[in-house]
Amino acid sequence: MPKANSGEQRNWFSGTSRVADLPPCGGDARQGRGGCERDDLSEQDLERVLTVTRPATNFSKAEQFEALPGGATTTLAAPDRKAFSQFSANLPFEDEQNFKLGKALFEKLWVSSPSSTLASDGLGPLYNARACESCHPRDGRGRPPEGATDATSMFYRLARAPRDDAERRVIASYEALNFSDPVYGAQLQDSAVPGLAAEGRVRIAYTEEPVTLAGGETISLRKPQYSVGDLGYGAMDPTTTLSPRVASPMIGMGLIEAIHEADILARADPDDRDGDGISGRPALVRERKTGGVTLGRFGWKAQNPTVRQQTADAFAIDLGLSTPDLDLSHGDCTAAQQDCLKLPTGVQPRLGAVEAPAPVLDLVAFYSSNLAVPARRRASFPETLKGKRLFYEAGCAACHTPKFVTRRDAPHKEQAFQLIWPYSDFLLHDMGEGLADGQQVGVATGREWRTPPLWGIGLRRTVSGHSFLLHDGRARNLAEAILWHGGEAEKARNAFAAMLKDDRKALIRFLESL
């Protein structure tokens, strides 16, 4: 099998990692693409993978299988409001029941303790939502509060930087992602059970900043200013940073987890050895279940390595429910919130030691892993193909990697050896000061974000009922989202701004087809 290009290489993983046996990757491996070794393929399969995942060069027609972004898992259901809620097309019949049970639990409204509905209590005491569905409406994208809408699908992460060498060592050894607020914890909860004060409210003030594009067209970008109102437990630590986040779409998560680590690491180029201005870094995190250091893939800063860990975190922090993987029966309550800690939990000894026992976590994780990516629309239309060419020429594909082939040995055979089109490299990139939140999350700095997948982005309004984009929903459309790109993406952003109006329209049409 081919190796990474010769020269000084970077070894990403410690000996405790479940992928520690991978060869060193990164550095100038970016020049070779696929320079890290995959251990799941025969020589013949490897050649097939390298061939099929090469960047497009012919934009006169759609690529083979391009209309099936999730491979054989792609759903061909109607592109309507339920487009993100379909199970994988190749899911065995015997697994459909587990998917439907997981869906019911995903949509379930939890209640505070004590309650007559013993299998449904345990909410909070502090929380952001009563159901997973509340943050991910129809398994889609969250939104910032606008007008009369609430902030259910948007929240603030709370954290500060390490203060001394000891704390810096904790971060460097992947034992913690950062340090939460001593009173308000890791996340601002704007809801609470009866008799308890909520922590506070998200407040956003926008100012409009006009941007003039080639040809004289003007687009206004709204710049947010964030603050907290109605603090329920006194002042927040002055060093605590607010990182606003909207919930991400749920589709394709199992396929993302099935991408081989080597294919992601091969694209990392932290020192920009090839001089293209793109220096993606892998988000290394500790997997809670195994204790090993591995590759983060999920969340705005790629802070979670698996769908299951992402799910357990959401149960604990967003809903205040304990699971076998994260036993926090009082959710994000801190030692400074004694009234919260004194409230009863929803633990039922006859059901187990946690509020959401293993069957609940297993089923919700299964559901989340098997939400199918919808089929492409208009992939072969001339304007779409023109926009695709412009997408490549502008340099967008340098981070929004179009395609991968998943692991041959993926745990779920339906997701194994699939050609998928997520349009992400799943690496961390410096996106410039305009998008910076100033909050470190593990190895991710306050200016770095994971490249978000683009599949399904054209159906965001249909599914979620809005068109807001980026980590905090500040962009009201795709053009605004592109123009907010800075840092490593500034060259691509400027290329878009310099295009003729019809070319910009074509590029947007391409994105809308995804």
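Predicted model: local features only at pLDDT ≥ 70, side-chain atom pairs only at ≥ 80, totals over all residues.
Find them in the structure before reading on.

Helix H9 gives the largest share of this lining, with four residues. The pocket itself holds about 560 Å³ of space. Its lining is made up of 25 residues, and those closest to the centre are Glu257, Thr306, Arg308, Pro411 and His412. Six of its residues are nonpolar, seven are polar and 12 are charged.

Next, look at the cysteines. In general, a disulfide is a covalent bond between the sulfur atoms of two cysteines. How many disulfides does the structure hold? The structure holds one. The partners are Cys333 and Cys340, and their sulfur atoms lie 1.7 Å apart. Are these two cysteines buried or exposed? Cys333 has a relative accessible area of 13%, so it counts as buried. Cys340 is also buried, at 1% relative accessibility.

A disulfide here needs two sulfur atoms within 2.5 Å. Cys132 is buried as well, with 13% relative accessibility. Cys396 is likewise in no disulfide. Its nearest cysteine sulfur belongs to Cys399 and is 9.0 Å away. The relative accessible area of Cys396 is 17%, so this residue is buried.

Now turn to the backbone. Most residues other than glycine have a negative phi, and most peptide bonds are trans. Some places in this chain depart from that pattern. Take the peptide bonds. Ser113 and Pro114 are joined by a cis peptide bond, with omega at about -10°. The bond from Gly124 to Pro125 is cis too, and its omega is near 10°. Where do these prolines sit? Pro114 is in the loop between helix H2 (93-107) and strand E1 (126-127). Pro125 also has its place in the loop between H2 and E1.

Then take phi. Tyr174 is not a glycine, yet its phi is positive, at about 65°. You will find Tyr174 in the loop between helix H4 (165-172) and strand E3 (191-192). Its relative accessibility is 22%, so Tyr174 counts as partly exposed. Leu470 is another residue that is not a glycine but has a positive phi, here about 75°. Leu470 lies in the loop between helix H11 (460-464) and helix H12 (478-483). Leu470 is buried, because its relative accessibility is 15% and the cut-off for buried is under 20%.

Helix H1 shows how a helix can present one side inward. H1 covers residues 43-52, and Asp45, Leu46 and Val49 are buried in it. Why do these residues line one face? Viewed down the axis of H1, the buried residues fall within an arc of 100°, so they share one face of the helix. An α-helix has 3.6 residues a turn, so residues three or four places apart point the same way. What do the buried residues of H1 pack against? Their partner is strand E9 (404-405).

Asp263 is buried, with a relative accessibility of 14%. Leaving aside residues up to four places away in sequence, Asp263 touches Arg38, Phe404 and Val405.

Finish with Ala172, in helix H4. Is Ala172 buried or exposed? Ala172 has a relative accessible area of 55%, so it is exposed. Ala172 and Val443 are 271 residues apart in sequence, yet their C-alpha atoms are 7.7 Å apart in space.

Terms used: Residues numbered from 1 in each chain as written. Heavy atoms only, no water. 1 Å grid on protein atoms, 1.4 Å probe; cavity = no way out; pocket = protein on both sides within 12 Å on 5 of 7 lines; lining within 4 Å. Points joined across faces, edges and corners; volume = space filled by probe spheres on them. Helix = DSSP H or I, 4+ residues; strand = E, 2+ residues; numbered from the N terminus. Nonpolar A, V, L, I, M, F, W, Y, C, P; charged D, E, K, R; others polar. Buried < 20%, exposed > 50% of the residue type's maximum accessible area, 1.4 Å probe, protein only. Arc of directions from axis to C-beta. Contact = heavy atoms within 4.5 Å.
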